Amino acid sequence: MEDRNSNVAKSHKVLISNRKSGAFSGVVDVLSFDVAEILLETELGMLLIKGHDLHVNRLSLEKGEIDIEGRIDSLTYSEVKSASKQAESLLGRLFK
């Protein structure tokens, strides 16, 4: 039974209008945010949104939705990893 549930497709949508506003679904958590960047945990991995004058207009973690406003410069996805593993791999690469 568990194997069948892990194969269920997860939903995540991104809608950006004129690089000035964005609507995102499939959001699990907001890990950090300020006027320069917003870090979201989504159903499909981590999403880093960079820009200027970024503001969260609406947040509903129950529905998994967030609306942002400001100048959006970039969206970067990465896999969900613990911070300790990322730091360890960085240090490991530095001292090889």
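The model is predicted, so local features were considered only at pLDDT of at least 70 and side-chain atom pairs only at pLDDT 80 or more, whereas totals for chains, interfaces and linings use all residues. Residues are numbered from 1 along each chain as its sequence is written, and side-chain values use heavy atoms, with hydrogens and water left out.

The protein contains two helices and six strands. These elements are DSSP runs numbered from the N terminus, with helices (H or I) of at least four residues and strands (E) of at least two. Read from the N terminus, their order is α-β-β-β-β-β-β-α. Of the 96 residues in the protein, 23% are buried; buried denotes a relative accessible area under 20%, exposed one over 50%, and partly exposed a value in between, with a 1.4 Å probe and protein chains only. The accessible surface amounts to about 7100 Å², and carbon and sulfur atoms account for 52% of this surface. Accessible areas were computed by the Shrake-Rupley method with a 1.4 Å probe, and for residues only the protein chains shown count as cover. Contacts are defined by heavy atoms within 4.5 Å. Among contacts between residues at least 6 apart in sequence, 42% join residues at least 24 apart.

Strands of a sheet pair through backbone hydrogen bonds, in either a parallel or an antiparallel sense. In this model, six strands form an open sheet with antiparallel pairing, in the order β1-β2-β6-β5-β4-β3. Two strands are taken to pair if DSSP finds at least two bridges between them. Leu39 has Leu48 as its bridge partner in β5.

The loop between β1 (13-17) and β2 (21-25) contains Asn18, and Arg19 also lies in the loop between β1 and β2. Most residues other than glycine have a negative phi. Asn18, however, has a positive phi near 55°, and the phi of Arg19 is likewise positive, near 55°. Asn18 counts as exposed because its relative accessibility is 69%. Arg19, with a relative accessible area of 46%, is partly exposed.
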